[in-house]
Amino acid sequence: MTEQTLAPALNLEERFGDWVTPDTRKGYEGYLVAPEHLTDFATALRDEFGYDYLASLTAVDYLPEGKMEVVYHVSQSTGGAPLVFKVQVPREDPVTVPSLVPVYPGAEFQEREAWDLMGIRFEGHPDLRRILMWEGFEGHPLRKDWKEAYYEADTKPFKSRWPAGQIHRVEDTLPFGKNVKYPDGFDPEKWTPVEEEALYASLKRVPSEGDLPTEQIIVNLGPQHPSTHGVFRMAVTLDGETIVDLKPVMGYLHRNHEKIGERNTYLMNIPFTDRLDYLSSLSNNFGYVLAVEKLMGIKPPERAEYIRVIMAELTRIQNHLFAIGMFLNDLGAFFTPSLYAIEERELILDTFEAVTGSRMRCNYMRFGGVARDFPPGQLERIRDLVFNRLPAKVDEFDAYLTNNEIVRARCEGVGVLTPEQAIAYSTCGPVLRASGVPYDLRRADPYSIYDRFDFDVAVRYHGDVYDRYLVRMDEIRQSIRILQQAVEQIPEGPVVTGKQQYQVRVPAGEAYGRVEGPKGELGFYVVSNGKPNPWRYHVRAPSFINLTALAEMCKGNKIADAVIILGSIDIVLGETDR
Amino acid sequence: MSESLNSPGYEIPDELQGTVAITTLDRIYNWGRRNSIWPMMFGLACCAIEMICTAASRYDLARFGMEVMRPSPRQTDLMIVSGTVTKKMVPQIVRLYNQMAEPRYVLAMGACASGGGPFKEGYNVVSGIDKYIPVDVYVPGCPPTPQALLHGLIKLQEKIDKQSLKEVPWYKKAPSEPIPVPVLGPDIMDPRDYAKIREFTLQPVAPVQEEELSA
Ligand code: SF4
């Protein structure tokens with residue numbers, strides 16, 4: 001295992017000469033790549049060095065230095081630490097960077113996001129539209145000089161609230177009583193919305209084959225649709241019932257997580273991470289504290305490591321239970337399987353409530369440990385859950401569902417993603433593993449104490465909807481295995497290192513912390529400039545990036561299958577839209 | 001159930017209890033409505049998950065006659081706004097509200113729907129759905145526990161109990177006006193605000209100063 005965690009000995013300078021320079025800023029790592037060589041560099045990295053998986057792509061606005069930076073984290077799909085490289089361009093409009101979509105198709109949505117929020121034009125991108133905000137929105141909100149209507153100060157805590165204790169409603173100070181602002185000289189009467197047109201124009205329409213000319217129609221599923229798992233929308237071109245093209249439309253739950261996160265102090269962000277993937281708040285906590293701990297250079301005590309693993313694995317189980325229940329909903333088995341799943345989930349939520357004080361918004365992990373120890377008797381209850389209750393219930397699920405004729409008929413061979421496509425589109429988690437790629441960060445790049453446990457990486461090989469369901473079932477079983485070992489091995493001791501403070505000191509630098517969340521690789525990219533607030537805070541959201549492959553999975557299938565293909569990805573909108 | 005149906009002050013003989021009720025038109029009308037509220041199957045964010053749990057077996061909304069969740073606004077009585085309302089979503093919510101047949105009720109579930117919640121300052125977040133549509137019950141919490149949501153629904157039933165056929169707006173002669181659907185411009189625009197927007201954008205005023213804020 002240990003060889004895998006070491007970064008491979010790379011001598012990029014030798015291979016690439018003056019295309020690359022090592023990033024020598026204090027606390028930074030990786031390489032700076034000259035923009036004009038970016039595409040060739042990435043192609044060579046993929047083909048010669050095996051970095052075939054684009055994990056994360058984001059941008060940072062270095063306003064004081066007058067630079068914009070695009071940050072790429074790439075991995076090898078066989079495992080190992082990620083490699084980071086960056087491109088810097090002057091911060092003068094138009095900010096342009098070559099698009100990496102031709103090399104890594106998984107960059108598509110991430111580049112659109114960087115364009116939307118940071119205003120970086122990716123040259124050569126096939127469909128560079130806004131993704132989280134709507135077409136026509138004014139400005140690029142994640143830029144450091146962009147201010148929202150409710151702007152009060154650059155960083156929290158706001159002086160008016162603390163220590164002054166002044167309470168006022170911001171909207172009362174604004175002309176419209178709402179957080180809206182309009183550019184000068186704007187006339188609402190003359191405005192024509194452009195969002196929908198741009199979307200429909202981007203949808204492909206291919207001429208129908210055969211003697212019978214048919215007209216293709218565009219159908220919208222969502223954002224209010226009983227099966228889209230929240231406020232998600234798909235615009236679909238149909239030829240009869242067959243899907244010709246599909247574009248996911250998101251942003252209906254874009255809650256500005258990153259902008260708010262850059263205003264918050266480090267500690268304030270922990271409860272916000274709860275609300276990303278709102279089914280699995282503890283995994284989100286985990287990823288974020290790992291990133292900040294990397295920057296701070298601290299490690300939690302043994303007992304805290306075990307508690308974290310126990311909570312994260314329980315989270316995975318309840319997430320997968322819920323996902324399977326809702327997936328069966330999509331298949332038309334309305335609510336009965338969900339009721340079974342939710343019954344078990346409630347038991348796990350009880351554990352969360354007992355330990356953290358809340359069923360869903362746990363806000364439990366801290367830098368260097370966890371907020372508090374298990375209450376007395378809780379470990380016994382968890383033990384009972386993982387040794388007795390859950391294994392039996394998973395078997396029951398299996399008996400009811402796995403060989404059900406309708407489930408198989410509807411799921412087998414539907415929404416197929418080949419391993420090559422799965423890697424190219426940067427899919428992660430159960431979607432990737434169902435396509436036959438055994439890539440699980442708990443093994444591929446172990447964090448925390450996962451290298452101590454005996455478990456298998458769940459993997460299936462057909463890449464269809466049915467295999468994604470099976471991978472989730474397998475993963476529940478493997479999580480139970482990990483839990484059984486963890487509750488036996490957990491030592492006594494403190495649950496946090498050092499003294500807990502409201503204001504943590506985070507040295508300047510960058511860090512990318514990632515965990516294998518229930519939905520896949522959940523990464524947090526944090527840039528600190530030594531101040532109490534992060535300069536940049538980016539979330540690599542698995543649900544969001546998995547959707548890049550949605551169109552590919554749906555094309556050629558029937559419209560009714562789009563619903564279950566989406567269900568099999570298991571997205572949560574809080575994380576997709578952030 | 002029959003307590004809320006019988007008008008107080010009338011003796012019903014024991015052998016007729018449960019068979020005969022002496023009541024008013026208002027009472028029987030409200031009694032029927034309060035016990036069969038159909039919510040819209042409509043989830044926005046994290047709070048929706050707690051709403052689903054409330055409908056599931058442990059908390060069981062069916063005890064109140066509210067388990068019939070309908071995906072179509074035409075068939076629903078209650079919109080549970082369960083989560084953060086964003087600017088991008090608010091036109092759809094207003095449209096859904098307009099499509100609901102009267103009598104219709106709105107329950108703002110959670111901090112976000114009631115006032116923006118933790119995300120209030122966000123540039124894409126609407127600080128409370130009541131900026132656009134009228135709300136009947138607010139349920140605090142982030143997310144409200146299923147118990148809290150049930151409490152909110154019981155409060156809604158109490159509100160229904162107090163309504164009278166003589167006064168309810170949906171039996172007025174004229175049809176009720178739909179709420180104008182907001183438009184996505186450079187920022188979200190409420191058509192009711194157009195005149196005011198022009199006032200500000202076409203002759204800009206100085207922004208509110210720091211000192212005034214903390215004054
Ligand atoms: S109130 Fe809290 S739980 Fe509910 S939608 Fe808002 S953030 Fe999520």
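The paragraphs below lead through this predicted model, from one of its chains to the ligand, then to some strands, cysteines and a lysine. Because the model is predicted, local features need pLDDT of at least 70 and side-chain atom pairs count only at pLDDT 80 or more, while totals for chains, interfaces and linings use all residues. Residues are numbered from 1 along each chain as its sequence is written, chains are lettered from A and ligands numbered from 1 in the order in which they are written, and side-chain values use heavy atoms, with hydrogens and water left out.

Chain B has 8 helices and 5 strands, where helices (H or I, at least four residues) and strands (E, at least two) are DSSP runs numbered from the N terminus. Read from the N terminus on, the elements of chain B follow the order α-α-α-β-α-β-α-β-α-β-β-α-α. Taken along the principal axes, the C-alpha atoms of chain B fill a box of roughly 75 × 45 × 40 Å. Of the 215 residues in chain B, 51% are buried, a word that stands for under 20% relative accessible area, with exposed meaning over 50% and partly exposed in between (1.4 Å probe, protein chains only).

The ligand is surrounded by residues from chains A and B, so its site is shared between chains. There are 16 residues around the ligand, and B:Cys46, B:Cys47, B:Ala111, B:Cys112 and B:Cys142 come nearest; a residue is near a molecule if one of its heavy atoms lies within 4 Å of it. The shell around the ligand divides into 9 nonpolar, 4 polar and 3 charged residues. In chain B, α3 (46-55) and α5 (110-115) each supply at least two residues of this shell, and α5(B) gives the most, with 3 residues.

In chain A, strand β13 (residues 509-517) has 9 of its 9 residues buried, so it is largely enclosed by the rest of the structure. In a regular strand the side chains alternate between the two faces of the sheet. Both faces of β13(A) are covered, with A:Val515 among the buried residues on one side and A:Tyr512 among those on the other. β13(A) pairs with strand β14 (residues 520-528) of chain A in the antiparallel sense over 9 bridges, pairing being counted if DSSP finds at least two bridges between two strands. Within this pair A:Val515 stands opposite A:Leu522, and a hairpin through 2 residues joins β13(A) to β14(A).

Another hairpin of chain A is formed by β9(A) and β10(A), with 2 residues between them, and A:Gly240 in the turn has a positive phi of about 65°. Strand β9 (residues 233-239) and β10(A) pair in the antiparallel sense over 7 bridges, and A:Met234 stands opposite A:Pro248. Strand β10 (residues 242-249) is largely enclosed by the rest of the structure, because 7 of its 8 residues are buried.

A search of the whole structure finds 0 disulfides over all chains, a disulfide being a pair of cysteine sulfur atoms within 2.5 Å. A:Cys362 is in no disulfide, and the nearest cysteine sulfur, that of B:Cys142, is 12 Å away. A:Cys362 is buried, with a relative accessible area of 3%. For A:Cys428, the closest cysteine sulfur belongs to A:Cys554 and lies 17 Å away, too far for a bond; A:Cys428 counts as buried at 1% relative accessibility.

Finally, A:Lys259 has its place in helix α6 (residues 257-263) of chain A, and A:Lys259 is buried, with a relative accessible area of 6%.

Key. Ala, Val, Leu, Ile, Met, Phe, Trp, Tyr, Cys and Pro count as nonpolar, Asp, Glu, Lys and Arg as charged, and the others, Gly among them, as polar.
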